[in-house]
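Trainee: I would like to learn how to read a protein model step by step. Could we go through one together, with the general idea before each case?

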Amino acid sequence: MTARDEIDTLMAAAMVGIDDDASGSHPPTGWDAIHSLRCMGSLEVLDASLAACRDPDPLRRRVGAAVLGQLGHAKVGFTPVFVAERSRGLADLLRAEIAGPGDPGVLNDACIALGHLGDPAAIPLVLGLREHPDPDVRFGVAFALGGRETQEAIDGLIALSRDADDDVRDWATFGLACLNPADGPAVRAALHARLDDGKAEIRYEAMEGLAVRGDRSVIPALIRALEEDVSSSLLDAAAALATPDLCEALAAAAVGGLVIQASYGPYDLTNVWREAMQRCGCDAAARQQPDREDREG
């Protein structure tokens, strides 16, 4: 089988089960096939992906976008390849999709792919979909804006952090709180507005975002959260604030155990918790306190 035959086979296989979470298929289909194409990182895969972005079949256009978004990302420390060609091809795809078919899956995958590339020139194009009726498309917009530091990207994330859809609101809040260093009254107000969110993960991300910006007004909310739950965001928020005021709450957070269930399996937060304890001076504070028996005797 030639390289071109292998690419064509993987392109066709990638369309099978692209919306499924299954992995480990042999031969690879869906996202396994997409990953195999990305790992090749060759000019032939680039050309095939760009051609797929112009295909009448929306599934094939989605595969083209997904491959282009992370082409060559085969290992840690990879060197980006064909960045200009990929950015241009994805922007062309997004414009054509907006003007014509408007398939939500293609719009979502194109926005996410552009988010991986981080091309600031694509931000105005992506922002045009901020109020799209399909939440998957708005999620793609939020993903694309995460980590972008232009004012229009920040304003877009602030708006999407109020979205009616949980996943959109979650990613926009995460992008605003944790991926973007921007600070100011509007950013802090948007994060404060999420402290009462119905989704715990969003509340915790907002707390972390306020904490890393040095906003000590979040301490009471953080204490309440740590007394009831533990998460990476809560512990990172405590470490950022670095105050002994959080020591009792951090101790309470560890009572139920520090191994949490993440989407990819169990995740041990013990080292993160220890770092938060150390930064807050909790070990030193405990050593300076007499034992309970000594205090009561």
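Mentor: Let us begin with the elements, where helices (H or I, at least four residues) and strands (E, at least two) are DSSP runs, numbered from the N terminus. Please keep in mind that this is a predicted model.

Trainee: How many helices and strands does the protein have?

Mentor: There are 18 helices and 2 strands in the protein, and its C-alpha trace spans about 85 × 40 × 30 Å along the principal axes.

Trainee: What percentage of the residues count as buried?

Mentor: A residue counts as buried under 20% relative accessible area and as exposed over 50%, with partly exposed in between. By that rule 47% of the 297 residues are buried.

Trainee: What can contacts tell me about residues at least 24 apart in sequence?

Mentor: When we take contacts between residues at least 6 apart in sequence, 59% of them join residues at least 24 apart.

Trainee: Let us turn to charges. How many salt bridges does the structure hold?

Mentor: A salt bridge needs a side-chain nitrogen of Lys or Arg within 4 Å of a carboxyl oxygen of Asp or Glu, and the structure holds 17 salt bridges. One of them is formed by Asp 163 and Arg 138, whose closest N and O atoms are 2.7 Å apart. This pair links distant parts of the chain, 25 residues apart, with Asp 163 in the loop between α9 and α10 and Arg 138 in helix α8. Both Asp 163 and Arg 138 are buried.

Trainee: Why does the pair of Asp 170 and Lys 199 tie together parts of the chain?

Mentor: The side chains of Asp 170 and Lys 199 meet in a salt bridge, at 3.3 Å from N to O. Because Asp 170 lies in helix α10 while Lys 199 lies in the loop between α11 and α12, the pair ties together parts that are 29 residues apart in sequence. Asp 170 has a relative accessible area of 10%, so this residue is buried.

Trainee: Is Asp 245 buried or partly exposed?

Mentor: Asp 245 has 47% relative accessibility, and therefore counts as partly exposed; Arg 216, at 46%, also counts as partly exposed. The side chains of these two, Asp 245 and Arg 216, meet in a salt bridge of 3.6 Å, N to O. Here Asp 245 sits in the loop between α14 and α15 and Arg 216 in the loop between α12 and α13, 29 residues apart.

Trainee: Which residues are linked in a network of salt bridges?

Mentor: Such a network links Asp 166, Arg 169, Arg 194 and Asp 197.

Trainee: Which residues form a negative surface patch?

Mentor: The negative surface patch is made up of Glu 227, Glu 228, Asp 229 and Glu 248, and Glu 227 lies in helix α13. For the protein as a whole, the mean positions of the 27 positive and 48 negative charges are 4 Å apart.

Note on methods. Residues are numbered from 1 along each chain as its sequence is written. This is a predicted model: local features need pLDDT of at least 70, side-chain atom pairs count only at pLDDT 80 or more; totals for chains, interfaces and linings use all residues. Side-chain values use heavy atoms; hydrogens and water are left out. Buried means under 20% relative accessible area, exposed over 50%, partly exposed in between (1.4 Å probe, protein chains only). Contact means heavy atoms within 4.5 Å. Lys and Arg count as positive and Asp and Glu as negative; His and the chain ends are not counted. The place of a charge is taken as NZ of Lys, CZ of Arg, CG of Asp or CD of Glu. Patches are made of residues with over 30% relative accessible area and no salt bridge: like charges are joined within 9 Å, nonpolar side chains (Val, Leu, Ile, Met, Phe, Trp, Tyr) within 5 Å. Accessible areas come from the Shrake-Rupley method with a 1.4 Å probe; for residues, only the protein chains shown count as cover.
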